[in-house]
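Subject: Structure handover and notes on aromatic contacts

Hello,

The structure we discussed is below. My notes follow it; please read them with the model open.

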Amino acid sequence: MIMYCSVIIIVTRARTLTRARARTEGGNAADVGDVHAELRDYYRLCQWGSAGLVMMGKYFFSETDIKSTWDQVLAAFWQRYPNPYSTHVLTEDVLFREVTPDNLLLSRRLLTKTSRLPRWAERVFPGNLSRSVYIIEDSVVDLGNRSLTTLTWNVNHAKLMRVVERCVFAGEQDRPVWTRITREAWISSGVFGLSRPIQEFGLARFRSNQVKAMKGLEHALSNLQKASAVCPGDSAEKQKNLNSASKTQKPQQYI
Amino acid sequence: MNSVGEGCTELKREYDQCFNRWFAEKFLKGDRSADPCSELFLKYHTCVQKAIKEKDIPVEGVEFMGPNREKADS
């Protein structure tokens with residue numbers, strides 16, 4: 001038996017949010033520029049033998065400009081955990097890293113996040129309560145093109161709900177103090193009869209996580225910028241202060 | 001940030017510090033000299049792999065950027 005799938009994007013409910021200015025709180029180092037987001041339903045039609053089956057999902061797209069250089073965003077990207085907005089992220093590990101002959105940096109990270117289901121889902125899927133969600137994040141840093149591409153997806157709980165997220169962090173030649181972050185997500189559920197509410201929940205949580213992810217990145221950027229601020233005068237004094245600060249807190253990274 | 005292996009967090013911290021310094025001071029500046037963190041990574045990696053096996057985390061044989069192929073035409 002052969003199974004083949006074709007992805008059809010049926011725009012039954014396309015919503016284009018008008019460009020809106022989103023500002024971050026508390027005078028963070030990074031200002032967020034215009035935000036553009038779209039939401040679509042997508043359908044994956046699969047044929048199995050002579051029977052057809054339709055799996056439905058949600059596609060999400062957003063584009064944000066952040067007022068930090070690409071270099072700063074990248075340094076912050078590796079250091080964004082932990083942050084005040086990431087209490088749902090329990091662990092972070094690098095599983096693999098390689099610089100290819102054409103100078104691309106490939107990495108794989110494993111994240112563990114809490115599995116927070118809405119109450120109605122907890123009743124239906126009690127077994128999932130005790131298990132965290134394991135997430136892989138694969139990334140490619142292309143220094144020549146000034147772009148970082150990441151692909152993130154959950155490797156367990158996948159039948160219940162699968163979220164695949166692709167992000168591109170791109171520096172722009174003509175606007176070097178800005179970095180554009182393009183985020184796409186595909187949210188799908190294979191659970192018969194419950195896929196639509198699960199997807200709606202998944203989408204709502206993805207949106208909320210997106211906001212936290214941006215705030216977390218900005219927090220990391222802010223930390224890095226404070227640490228690398230050069231005070232005119234005694235540089236030895238500054239070094240002494242940095243050293244004593246790092247003894248009392250978690251180790252700070254400074255450039 | 002904690003490692004998935006409870007005993008690996010300190011090794012992770014040492015490796016992360018080394019990587020972050022190399023990344024900002026060498027890689028981003030186009031310096032192609034070898035990454036000095038491989039020994040630290042090896043120690044850390046050995047620890048994490050053990051924890052992954054113990055916890056039965058399904059990361060074995062997962063293709064790099066695997067789901068990207070499915071999304072190519074979306």
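pLDDT is the predictor's confidence in each residue, from 0 to 100. Chain B averages a pLDDT of 90, and 92% of its residues score at least 70. The model as a whole scores ipTM 0.93 and pTM 0.73.

Some conventions first. This is a predicted model, in which local features need pLDDT of at least 70 and side-chain atom pairs count only at pLDDT 80 or more, while totals for chains, interfaces and linings use all residues. Residues are numbered from 1 along each chain as its sequence is written, chains are lettered from A and ligands numbered from 1 in the order written, and side-chain values use heavy atoms, leaving out hydrogens and water.

Chain B

Chain B has 2 helices and 0 strands (DSSP runs numbered from the N terminus: helices are H or I with at least four residues, strands are E with at least two). Its radius of gyration is 16 Å, well over the 11 Å that the globule rule gives for 74 residues, so chain B is more spread out than a compact globule (the radius is taken over C-alpha atoms, and the rule is 2.2 Å times the number of residues to the power 0.38). Of the 74 residues of chain B, 39% count as buried (buried is under 20% relative accessible area, exposed over 50%, partly exposed in between, with a 1.4 Å probe and protein chains only).

Aromatic pairs

Over all chains there are 15 aromatic pairs (rings of Phe, Tyr and Trp, the last by its six-membered ring, with centres within 6.5 Å; planes under 30 degrees apart are stacked, over 60 edge-to-face, the rest tilted). One of them is the edge-to-face pair of A:Trp78 and B:Phe23, 6.1 Å centre to centre with 85 degrees between the planes. This pair crosses between chains, from helix H1 (residues 70-78) of chain A to helix H1 (residues 9-25) of chain B. A:Trp78 is buried at 7% relative accessible area, and B:Phe23 is buried at 1%.

Within chain B, B:Tyr15 and B:Phe41 form a tilted pair, 5.0 Å centre to centre and 55 degrees between the planes. B:Tyr15 lies in helix H1 and B:Phe41 in helix H2 (residues 38-54), so the pair ties together parts 26 residues apart in sequence.

Ring pairs link a cluster that includes A:Trp78, B:Tyr15, B:Phe19, B:Phe23 and B:Phe41.

A:Arg97

A:Arg97 lies over the face of A:Trp78, 4.5 Å from the ring centre. Its charged end also sits over the ring of B:Phe19, 3.4 Å from the centre (CZ of Arg or NZ of Lys within 6 Å of the ring centre and within 35 degrees of the ring normal).

Regards
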